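Take a walk through this protein with two ligands in view. We begin at a ligand, then turn to the sheets and a few single residues.

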Amino acid sequence: MPDYADFLFKLRNKKILGVNPPVRDFAFFDLWAKPLGLLYLLDELRTLGNHVELIDCIFEAKDKPKRFGRYIPRKTLIPKPDVYKAVPRKYYHFGLNEDEFAKRLKETEKPDLVLVTSVMTYWYPGVIWAIKLIKKIFPHTPVLLGGIYPRLCSTHAKLSGADMIQTQPLFLKFEKPAMDLYTNPHYGVTLTSIGCPLRCNYCASSILWPEHRKRNIQKIIKEIQWQLSLGNIEDVAFYDDALLVGKKEHFYPLCDNLISDLPPLRYHTPNGLHVKLIDKTCARYLKKTGFKTIRLSLEGIDENTLRASSYKADEVSFAQAVENLLEAGFTREELETYILIGVPGQTLGDIEKTIAFAHSLGVKVKTAQFSPIPGTPLFEKASDMEPQIRKEPLLHNNTVFCTYVSKLMTPEELQYIKNLAHNSI
Ligand code: B12
Ligand code: SF4
């Protein structure tokens with residue numbers, strides 16, 4: 001598969017337009033979702049002497065404000081793709097509609113190149129929709145598609161309508177994300193490391209980033225300082241897979257610098273933290289630095305889920321982490337805990353036990369429904385149950401996989417689990 005890294009880094013004096021497409025799904029929550037990879041890439045291309053612009057179809061359709069600088073984007077009800085016909089839920093287009101996106105495209109000076117990013121594999125309909133409209137307005141401008149969807153589904157992405165597809169890892173300098181391309185950004189974003197040294201059976205981290213690497217602390221501080229100068233920012237979200245790994249050499253010194261060099265901010269970790277690494281010192285660092293939203297990875301306490309999750313959490317380490325965080329001053333309400341639902345091999349009883357265990361410690365449970373990710377061992381297992389997931393990324397959707405694709409549980413059982421998780425603390 002071709003690698004467009006050389007092509008990109010040789011570009012000079014070009015007009016480059018970055019596009020974050022709308023999302024087409026049953027639901028979309030802004031957990032500080034920004035197209036971070038595209039933003040780092042645009043910054044790097046600008047440093048090389050190109051003129052860059054951005055159309056973010058999600059941010060530009062912001063509607064209702066939520067806590068901590070987030071917004072719910074506008075949504076339009078659209079027909080469901082055929083493979084979702086059996087799912088009795090409404091399907092939406094989240095973000096700019098056709099007229100709005102066309103207007104924004106026409107306002108931009110004709111670009112020499114359009115870069116389209118992508119996140120979830122099953123969000124490809126929004127990608128195809130955006131590329132079609134870009135091609136209509138700028139029929140002679142080449143479109144390069146990158147991001148997680150073509151990295152994980154390279155064959156399928158050939159149908160996206162893009163002229164070029166980046167299927168290889170793209171190693172950037174990661175100086176700063178081009179957040180200045182947003183008018184008045186409401187929160188900052190950062191990535192302090194790439195990859196993760198663990199190998200959970202359902203996770204694509206090691207496929208996307210074969211090595212775990214930390215970024216230079218001064219660079220991270222500078223990039224946050226710079227983002228603060230762009231608007232009224234009081235919140236910063238960390239996109240790391242493994243924020244606490246190597247904490248003594250990296251996370252603690254980073255926290256010391258965040259405290260000494262920056263005004264007080266609220267920090268958020270929407271991805272689950274590794275609980276085995278949350279000892280008393282770590283818990284105190286998280287508290288004194290200003291971490292506000294903490295997501296803990298418990299996943300499941302049954303042997304099947306523990307094995308799939310590289311034994312990264314167990315009952316003892318989880319209870320200890322909760323105790324340390326409470327002692328450091330967090331409230332039980334603040335300790336939201338991810339529990340995986342629908343892992344092949346898991347039973348309803350396993351999930352009930354995990355929820356009961358989390359509730360016995362008084363923490364808030366967040367259910368995360370399993371999404372089979374191409375290239376992972378559990379994708380192979382899941383494709384034995386439903387071979388169509390190899391061809392159709394829509395079937396990776398976490399909203400539908402365990403109930404309508406693998407049929408590991410009925411929709412009623414899933415609802416029962418969700419009620420159990422959310423109501424009975
Ligand atoms: C942050 C994150 C989130 C955030 C939001 C992300 C967002 N922007 O919307 C939150 C916490 C909300 C989230 C939620 C979920 N996530 Co998530 N998430 C991630 C994570 C950890 C990092 C993504 C990221 O920004 N990385 C940093 C940037 C720098 O990397 P990047 O975007 O890939 O960009 C690089 C390249 O791709 C490239 N690039 C990017 N754009 C472009 C464009 C062009 C033109 C080019 C040339 C190159 C290029 O350049 C960059 C540098 O190399 C990834 C794992 C990972 N390590 O990637 C999982 C990941 C994407 N998530 C995943 C999953 C499973 C989920 C959930 C379903 C979890 C669950 N079960 O509930 C939910 C679903 C959310 C939903 N339905 O709304 C899966 C993918 C699933 C799939 N089928 O696609 C991943 C891969 C993790 C995994 N388990 O393997 N997630
Ligand atoms: S610990 Fe998290 S990021 Fe690391 S491999 Fe497991 S799921 Fe992926």
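Start with ligand 1. Of the 36 residues around it, T117, T121, L170, A204 and D241 come nearest. A residue is near a molecule or strand if one of its heavy atoms lies within 4 Å of it. A word on the source: this is a predicted model, in which local features need pLDDT of at least 70, side-chain atom pairs count only at pLDDT 80 or more, and totals for chains, interfaces and linings use all residues. Residues are numbered from 1 along each chain as its sequence is written, chains are lettered from A and ligands numbered from 1 in the order in which they are written, and side-chain values use heavy atoms, with hydrogens and water left out.

Where does ligand 1 lie? Domain 1 (1-175) and domain 2 (187-425) both give residues to its shell, so ligand 1 lies between them. The domain bounds come from an automatic or database domain assignment.

Look at the shell by class. It divides into 24 nonpolar, ten polar and two charged residues. Here Ala, Val, Leu, Ile, Met, Phe, Trp, Tyr, Cys and Pro count as nonpolar, Asp, Glu, Lys and Arg as charged, and the others, Gly among them, as polar. Now look by element. α2 (36-47), β8 (113-116), β15 (266-273) and β18 (364-369) each supply at least two residues. α2 gives the most, with three. Helices (H or I, at least four residues) and strands (E, at least two) are DSSP runs, numbered from the N terminus.

Some atoms pair up with ligand 1. A polar side-chain atom of D241 lies 2.6 Å from a nitrogen atom of the ligand. A backbone N or O atom of T121 lies 2.7 Å from an oxygen atom of ligand 1. For K34, a backbone N or O atom lies 3.0 Å from a ligand nitrogen atom.

Next come the sheets. Strands of a sheet pair through backbone hydrogen bonds, either parallel or antiparallel. Two strands pair if DSSP finds at least two bridges between them. Five strands form an open, parallel sheet in the order β3-β1-β8-β9-β10. Its edge strands are β3 (51-56) and β10 (164-165), and each pairs on one side only. β9 (residues 143-145) and β10 pair over two bridges. L144 has M164 in β10 as its bridge partner.

Another open sheet has three strands, in the order β2-β7-β6, with antiparallel pairing. β2 (23-25) and β6 (75-78) are the edge strands. β6 and β7 (residues 91-94) pair over four bridges. T76 stands opposite H93 in β7.

Buried means under 20% relative accessible area, exposed over 50%, and partly exposed in between (1.4 Å probe, protein chains only). The C-alpha atoms of Y92 and D314 are separated by 38 Å. N397 sits in the loop between α14 (377-385) and α15 (401-405). N397 counts as buried too, at 0% relative accessibility. Its side chain makes a polar contact with the side chain of D25, at 2.8 Å. A polar contact is a pair of N or O atoms within 3.5 Å; within protein, one must be able to donate a hydrogen and the other to accept it, and residues adjacent in sequence count only if both atoms are side-chain atoms.
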